[in-house]
Amino acid sequence: LKIDLERRSVGQNPELRALLDRDALSQDEKDQVLHGLDQFFQELKTTKGYQTRDLIVLHPAIPGLDDILGKFERCHTHDDDEVRYIVAGEGVFGFVRPDGSQVELTVTAEDYINVPADTEHWFYMTPEKKIKAVRYFTGTDGWTPNYTGTEIRLGA
């Protein structure tokens, strides 16, 4: 599938670690987390051409969480790579292999994953329903899910 998966430490900064341990974060606190991870972002800008990033924070108290997650729990592709750096929590990516078989991969804190464009996949949360992930972008296009209609036979 040519998926890039790496382990990347978030470091030992106590302020950053304290923020990552909380469920909800204000926009200022999200910005603090992103700033605390700037060294990795600068590396990705140089090596992979990423221009922007944001931090998604999902937890059970978010209104409409199930509706938000429902968009990703169906098989889809993207026109661009889907790049995530999981900094807290966990979730599950599922993939359709070229032969039609399916496989799942649980991503946890300090996992960096790059799902290549046009890779048929889905995503769902583990029962805890908590995740913080930095998303990296080369531009603003290509992030709309293109639903494929493939039936998921695993997990979710």
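Q: Which residues of helix H3 are buried?

A: In this predicted model, helix H3 spans residues 38-48, and its buried residues are Asp38, Phe40, Phe41 and Leu44.

Q: How should I read such a pattern along a helix?

A: An α-helix has 3.6 residues a turn, so residues three or four places apart point the same way. Here, the buried residues of H3 fall within an arc of 155 degrees when seen down the axis, so they line one face of the helix.

Q: What is on the other side of H3, and what covers the buried residues?

A: Gln39, Thr46 and Thr47 are exposed on the other side of H3. The cover over its buried residues includes helix H2 (27-36), E2, E4, strand E6 (111-115) and E8.

Q: Which residues are buried in helix H1?

A: Helix H1 runs over residues 14-21, and Leu16, Leu19 and Leu20 are buried in it. These residues cover an arc of only 100 degrees around the axis, which puts them on the same side of H1. The face turned away from that buried side carries the exposed residues Pro14, Glu15 and Asp21. H2, E4 and E8 are among the elements that cover the buried residues of H1.

Q: What caps the N-terminal end of H1?

A: The cap is Asn13, with a side-chain oxygen 2.8 Å from the backbone nitrogen of Glu15.

Q: Is His121 buried or exposed?

A: Buried means under 20% relative accessible area. His121, in strand E7, has 1% relative accessibility, so it counts as buried.

Q: What does the side chain of His121 make a polar contact with?

A: The partner is the side chain of Glu82, at 2.7 Å. Beyond its neighbours within four places in sequence, His121 is in contact with residues including Arg74, Cys75, Thr77, Phe93, Phe95 and Val115.

Q: Where is Thr77, and is it buried or exposed?

A: Thr77 is in strand E3 (residues 76-77). Its relative accessible area is 13%, so Thr77 is buried. Leaving out residues up to four places away in sequence, Thr77 touches Asp118, Thr119, Glu120, His121, Thr144, Pro145, Asn146 and Thr148.

Q: How far apart are Thr77 and His35, in sequence and in space?

A: They are 42 residues apart in sequence, and 30 Å apart in space from C-alpha to C-alpha.

Q: How much space lies in the largest pocket, and which residues are closest to its centre?

A: The largest pocket holds about 280 Å³ of space. It is lined by 18 residues, and the closest to its centre are Ile56, Phe72, Glu82, Arg84 and Phe123. Strand E2 (52-58), helix H4 (65-70), strand E4 (82-96), strand E7 (121-125) and strand E8 (131-137) each give two or more residues to the lining.

Q: How do the lining residues divide into nonpolar, polar and charged?

A: The lining of the largest pocket has 12 nonpolar residues, three polar and three charged.

Terms used. Residues numbered from 1 in each chain as written. Predicted model: local features only at pLDDT ≥ 70, side-chain atom pairs only at ≥ 80, totals over all residues. Heavy atoms only, no water. 1 Å grid on protein atoms, 1.4 Å probe; cavity = no way out; pocket = protein on both sides within 12 Å on 5 of 7 lines; lining within 4 Å. Points joined across faces, edges and corners; volume = space filled by probe spheres on them. Helix = DSSP H or I, 4+ residues; strand = E, 2+ residues; numbered from the N terminus. Nonpolar A, V, L, I, M, F, W, Y, C, P; charged D, E, K, R; others polar. Buried < 20%, exposed > 50% of the residue type's maximum accessible area, 1.4 Å probe, protein only. Arc of directions from axis to C-beta. Contact = heavy atoms within 4.5 Å. Polar contact = N/O pair within 3.5 Å; in protein donor to acceptor, adjacent residues only side chain to side chain.
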